[in-house]
Each structure stands twice: as C-alpha cells, then as structure tokens.
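Subject: Handing over a structure, with notes on what is in it

Dear colleague,

I am passing on to you the structure shown just below, and I would be glad if you kept it open while reading the notes that follow it.

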Amino acid sequence: MCLCWAAVAKAEYEKYKDPKQHINVRIKDLMGRMTLEEKIGQMTQIERTVASAEVIKKECVEWGRKRSCSKRIRSDMDRDGKQFPERDPELVKKIGAATALEVRATGVQYTFAHVLRKKVAACAKHYVGDGGTTDGINANNTEISWKGLLSIHMPAYANAVANGVSTVMISFSSWNGVKMHSNRKLITGYLKNTLRFNIMVPYNYTQFIDVLTSLVKKEFIPMTRIDDAVKRILRVKFTSGLFESPNGDYSFVNYLGCQEHRELAREAVRKSLVLLKNGKSAEKPLLPLPKKASKILVAGTHADNLGYQCGTTVLTAIKNTVDPTTEVVYNEDPDPSFVETGEFSYALVVVGEHTYAETAGDSFNLTIPDPGPSIITNVCGAVECVVVLITGRPVVIQQYVGAMDALVAAWLPGTEGQGVADVDVLFGDYGFTGKLSRTWFKTVDQLPMNVGDPHYDPLFPFGFGLTTKPTKEP
C-alpha cells in the first residue's frame, strides 16, 4: 500500500509547478505536457471584450491560472514618453519606474511601452512612437524608460537587458497585423520570416488558431518555430512569478495615484510643453503671463472639459494660479463683439483634437475640429492671446499662427493638466524647455515628411522649441 501511494505521489509531481526548480527545467517540463493547440493558444492574444472565461479555457488555455490573453494598458506617462526632453533622462527613468509600480499593483503583468518608429503623422498611433527619427532623444528615452519599467516591474529582465541578453523579451505583432486570407502564404511567411512570438488577433482568433494549427501539421511552419515562441512566453511568465502569484501584488496598492507619482507626472507635463511662438516679434514676448491682471478671458473647447484632460482642467488650473484679484471669465465659444468689448488684459484659448485611441483617430486632413479654428480667429483677432493645443500629434495650424501672439503645444497632459498652468511655465514659475520630437508640417500634402528628406520644409522643424526663463513676481 505504501509503495502504491509513493508511486502515485511521484506521478503527480509536476516540476513546472515547483518554484525551487531551475527555470529551464520548469519550461521543459511544461512544454512536454502541452499539446500543439495549447502552445498556439499561448501565442494568441485576443481582445479583452471577447475574452470570456469559456473562451480562455477553450482557446487560450490557462497555465498557472494566468491567461496568455492579458489586458492591454497604456498609462498617460508611458503614452507621452515621446515628449520628454533629452536633457532629463533621469525623469524618463523615474516615470518608467512609477508606471511599473502602478501597473504591478493592478495585477496586470506587462505594459506596452514606446517603440522606435517613423510614423506617418495621420496615424493616430503617433503617440505610441518616439517621433520622426531613431536618433538622439528618441532612442535614448526609449532605452531609459524601458530600464525604468523593468527595474520595478520585472527586475530579472532589467539585469538581462543591461547585460545585453535579449532572448528573454518577447516581440509582439501589430494589432490585428496578421490578416487571414484564402491564400495561406501570408501567415506562413509572416511567422517564418519575422521574430514575432505573440500574435495580436483581437477578434478572428479561432480562424488564426485553426490556420496556424493546420500549417504546422502540414509542416509549412516547423514545430521548432512554435516551440521557440512558447519557450520565450513561458520564460516571461515563470520569471514574473505568475505561477506562484497570479493576482495583483497588494503591497503596491498605495502607489496607485499617490502624490509622489502625481507630482512626477506634473513635472513631465511641464517639461513636455513646447513653446512654438512667443510674441508677434522676438522683442515683445507675451509669455510668461502676469498672474495679476484686471480681467482675463479663457476660451476654447478644451479649456473646461475633463473628458479631454482626464483629471484637472486647464481652466481650473488657471483659476488656482492667478492672483485672487484677477477676474477670470470663461466663454467656450465667444463671438468677436464679446471679446472686443470685454476689456480683457489677455486671453487663453485651449483647443485641440477629440479623444481617440489608435485607429479611431486616423485622419487624412489633420485639422482642428470645429469650432476650434473659429474660436482662435475670433479671440486672437481682438485681444492678445495664447493658444494652447491639446493634441496627440501635430495638426494643421499654419493659417492661424499669424493671428496668435503665443502658441504652446501641450500634447495630451493626462491626469495632471494642472501642470500646464498652476505655478508653471505659462505664468513664469518655470521656464519653457520642451523641444519637438516630430517635425510640424505646414500642410498635409507634405506628408510623410521626416528629418533628412530632400524637400524638408516644415512649419516648425524637428527639435524646435523656444525657451523662457523663470520669473518671480514681487
């Protein structure tokens, strides 16, 4: 009887579940237990809206109680990494680390960081990339932010990256990047000729799994290609501790939205602002604005809209910043007569793009949505004005620049919109330092246009950005 129980216990022992075993032993043991369908399931990432428990169990297969079809997240700080200035690499690294802490506290086991790409400006994924060149600021910031993310999120990876070991990383396909056609050469070539190990097939995942399974069984794609991908994926899961701790690390919960991280994000907002114009002439700059004035006008579709700014509106920030005796008048879309008769000391116009993410924001005209252009014209034609643009990319502004007294690219400030105005660069407590990480075109007919093109004729060139010095009011 004892021998029988000993045999049963030995048969049930699974090395991949034993954290004391070497990671290579665990991977080998688990790989030996997996079917082809289960391996392909590990390579398949589906969209969370279709990732029901039934689908996960049937198609993606749970190993260590954690599915391969993880949720996609993108934080404001990570998304806007393209804007961080070259002169402050430590800030970029800190933001990566802060993002990692908050991501880890949520239970999400990985995050999408920036990539190096030369992206057509019309594509709404512009904010994912690092600009129009892979040199200098962009390459450095990507490397630094990755190190920040990895140092907290997956410390073992940080050491591997630092030592030049790249085999622990996983390469993902583009969202819905593999198209299924009757001609199966496409998917065969894609997997044979690229180093993609995790394939994003958000909705047509059953077709992808069926096609890939068939191609492997018919030896169009070698089994070694599948095994290599799954080994990498399992290595990530074992290294990150998913099999032992599949849920969130509650010891990190106090980092979520903590004041330290908010201040860091606010600093990032401040340093990412790019001053494109300051005064009708260099001799008469408008910025920094005086905090003490008789009456000022705040206008624009994006001045008082939480949906566009995710936390603190620019209007609120302005009210919190100016002198208590300064009268702040808000009118989203004022007519010219209102502005002309208002006796305003100056005006701030905050306009920009509608909210979007990825494909939903693709545009072939890149214009500021109405009534943004008419607001600029009406206000700036009657009073000294600063225009603040809330956009994820350069937009068409050439025909309006002449009417503006000052122009600021504020990008997507995220939750800490207070950084745009409160004790910050608009009012002189800090100076402008931000530089363009992408060329600002004159017309969409020029696109695509990048540094080094033979007919490079931008409105504002790559790396452009005016500077101001901090001022202290008495």
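Two strands are said to pair if DSSP finds at least two bridges between them, and the helices (H or I, at least four residues) and strands (E, at least two) named here are DSSP runs, numbered from the N terminus. Please keep in mind that this is a predicted model, in which local features need pLDDT of at least 70 and side-chain atom pairs count only at pLDDT 80 or more, while totals for chains, interfaces and linings use all residues. Residues are numbered from 1 along each chain as its sequence is written, and side-chain values use heavy atoms, with hydrogens and water left out.

The chain as a whole

The protein chain contains 18 helices and 8 strands. Of its 474 residues, 53% are buried, where buried means under 20% relative accessible area, exposed means over 50%, and partly exposed lies in between (1.4 Å probe, protein chains only). The chain exposes about 22,200 Å², of which carbon and sulfur atoms supply 52%; accessible areas come from the Shrake-Rupley method with a 1.4 Å probe, and for residues only the protein chains shown count as cover. If a contact is taken as heavy atoms within 4.5 Å, then among contacts between residues at least 6 apart in sequence, 75% join residues at least 24 apart.

The strands

Strand β4 (residues 295-299) has 4 of its 5 residues buried, so it is largely enclosed by the rest of the structure. β4 pairs in the parallel sense with strand β5 (residues 327-330) over 4 bridges, and there valine 298 stands opposite tyrosine 330. β4 also runs parallel to strand β6 (residues 346-352), to which 4 bridges join it, with leucine 297 having alanine 347 of β6 as its bridge partner. In strand β3 (residues 274-278), 5 of the 5 residues are buried, so this strand too is largely enclosed by the rest of the structure. β3 pairs with strand β8 (residues 406-409) in the antiparallel sense over 4 bridges, and lysine 277 has leucine 407 in β8 as its bridge partner.

Two helices

In helix α3, 6 of the 8 residues are buried, so the helix is largely enclosed by the rest of the structure; the buried ones are Leu36, Lys39, Ile40, Gly41, Gln42 and Met43. In helix α14 (residues 314-321), the buried residues are Val314, Leu315, Ala317, Ile318 and Thr321. Seen down the axis of α14, these residues fall within an arc of 160°, so they line one face of the helix, the arc being that of the directions from the helix axis to the C-beta atoms.

Salt bridges

Side chains of opposite charge can pair when their charged atoms come close. A salt bridge is counted here when a side-chain nitrogen of Lys or Arg is within 4 Å of a carboxyl oxygen of Asp or Glu, and by this rule there are 12 salt bridges. One of them joins glutamate 37 and lysine 217 (3.7 Å, N to O). Glutamate 37 lies in helix α3 (residues 36-43) and lysine 217 in helix α10 (residues 205-217), so the pair ties together parts that are 180 residues apart in sequence. Glutamate 37 is partly exposed at 35% relative accessibility, whereas lysine 217 is exposed at 58%.

Aspartate 29 forms a salt bridge with arginine 33, their closest N and O atoms being 3.0 Å apart. Both residues lie in helix α2 (residues 23-33), 4 residues apart, which is about one turn of the helix. Aspartate 29 is buried, with a relative accessible area of 16%, and arginine 33 is partly exposed at 36%.

With best wishes
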